[in-house]
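Keep the structure open while you read.

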Amino acid sequence: MGFERAAWPRIVPFALYMGFIALADLLGWMTDPPRWLYGVKVGVVALALLYWWRRYDELKAPLPGARGLLEAVAVGLVVLVLWVNLDAGWMVIGQSAGFDPTAGGAIQWPLVLMRIAGAALVVPVMEELFWRSFLMRWLAAPKFLEVHPARVGLRGFVITALLFGVEHNLWFAGVVAGVAYGWLYMRSGNLWSPVLAHAVTNGALGVWITCTGNWSYW
């Protein structure tokens, strides 16, 4: 199956994000990345999203109603709880260097705010456009924009959830998150639902990390 033109605005921001990760690995920064790198990464992705914003028809839909918003928040919080508990040895791939925003024992708040803002505002939009809006529907049909989320089918749902999982160090928690966000997208038919759930997970995770000092989860 080939890619139609509409696929690229959903692929490129994700590819840029992954490209920064590959570059950090190439330069040997994975274990001790420069503290400014994350800000540059999400900044570049944000610019790409803004450039193509008018092409994201699914984001022109209104936000879910009150019930849909509550459902998205609930899913996001459940994923958070599972994310910080599904960490048995077999559920983890490699080791995560995390992101330690402290210096001299003191938290550098600009770095914390940068990390939470990027994770809660930029990453959910970028990832949901790629994983749910594009890939999950593209696996059902090359003309993915014509595929209603509820008609994706088991193949697209499962493959996307699995790939979303192995993108993360906590691969099993990632699969669970992929299942939750995919289910929410198929159930609601509105991409804002998984975007909001994803944002709640990432934002609340950032608060939990900051409060507990579990920097490896970043």
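A helix here is a DSSP run of H or I with at least four residues, and helices are numbered from the N terminus. The model you see is predicted.

**Helix α7 and its end**

With that definition in hand, look at what follows α7. The residue there is G213, and its phi is positive, near 75°. How far apart are the end C-alpha atoms of α7? They are 30 Å apart. At 1.5 Å a residue, the 21 residues of α7 should span 30 Å, so the two values agree.

| Helix pair | Axis distance | Crossing angle | Handedness |
|---|---|---|---|
| α4 (residues 109-138) and α7 (residues 192-212) | within 8 Å | roughly 160° | right-handed |
| α2 (residues 37-51) and α4 | 10 Å | about 40° | left-handed |
| α1 (residues 8-26) and α2 | within 8 Å | roughly 160° | right-handed |

Start with α4 and α7. Their axes cross at roughly 160°. Angles over 145 degrees count as roughly antiparallel. The two helices are therefore roughly antiparallel to each other. Which residues of α4 meet α7? Among them are W109, V112, I116 and V123. On the α7 side, the contact includes P194, V195, H198 and G206. By class, this contact has 12 nonpolar, five polar and two charged residues.

Now take α2 and α4. They pack at an angle of about 40°, with their axes 10 Å apart. That makes α2 oblique to α4. The crossing is left-handed. From α2, the residues Y38, G39, V42, V45, A46 and L49 take part. In α4 their partners include M114, R115, G118 and L129. The contact of α2 with α4 has 12 nonpolar, two polar and one charged residues.

The α1 residues in the contact are P13, L16, Y17, F20, I21 and A24. They meet α2 residues including L37, K41, V44 and A48. How many polar residues does the contact of α1 with α2 have? There are no polar residues, alongside 14 nonpolar and one charged.

**Aromatic pairs**

A pair of aromatic rings is described by the distance of the centres and the angle of the planes. The structure holds 16 aromatic pairs. One of them joins F99 and W218, with ring centres 6.2 Å apart and planes at 70°, so the pair is edge-to-face. F99 lies in the loop between α3 (66-83) and β1 (102-103), and W218 lies in the segment after α7, so the pair ties together parts that are 119 residues apart in sequence.

**A residue in α6**

M186 is found in helix α6 (residues 171-188). What does M186 touch, leaving out residues up to four places away in sequence? The list is M136, P149, A150, V152, G153 and F157. Take V152 from that list. V152 and M186 are 34 residues apart along the chain, and their C-alpha atoms are separated by 7.6 Å.

Terms used:
Residues are numbered from 1 along each chain as its sequence is written. This is a predicted model: local features need pLDDT of at least 70, side-chain atom pairs count only at pLDDT 80 or more; totals for chains, interfaces and linings use all residues. Side-chain values use heavy atoms; hydrogens and water are left out. Axes are lines fitted to C-alpha atoms, for helices over the stretch in contact, and angles run from 0 to 180 degrees between N-to-C directions. Angles under 35 degrees count as roughly parallel, over 145 as roughly antiparallel, 65 to 115 as roughly perpendicular and the rest as oblique. A crossing is left-handed if the near helix is turned anticlockwise from the far one by less than a right angle, and right-handed if clockwise. Contact means heavy atoms within 4.5 Å. Ala, Val, Leu, Ile, Met, Phe, Trp, Tyr, Cys and Pro count as nonpolar, Asp, Glu, Lys and Arg as charged, and the others, Gly among them, as polar. The expected span of a helix is 1.5 Å times one less than its number of residues. Rings of Phe, Tyr and Trp (its six-membered ring) pair if their centres lie within 6.5 Å; planes under 30 degrees apart count as stacked, over 60 as edge-to-face and the rest as tilted.
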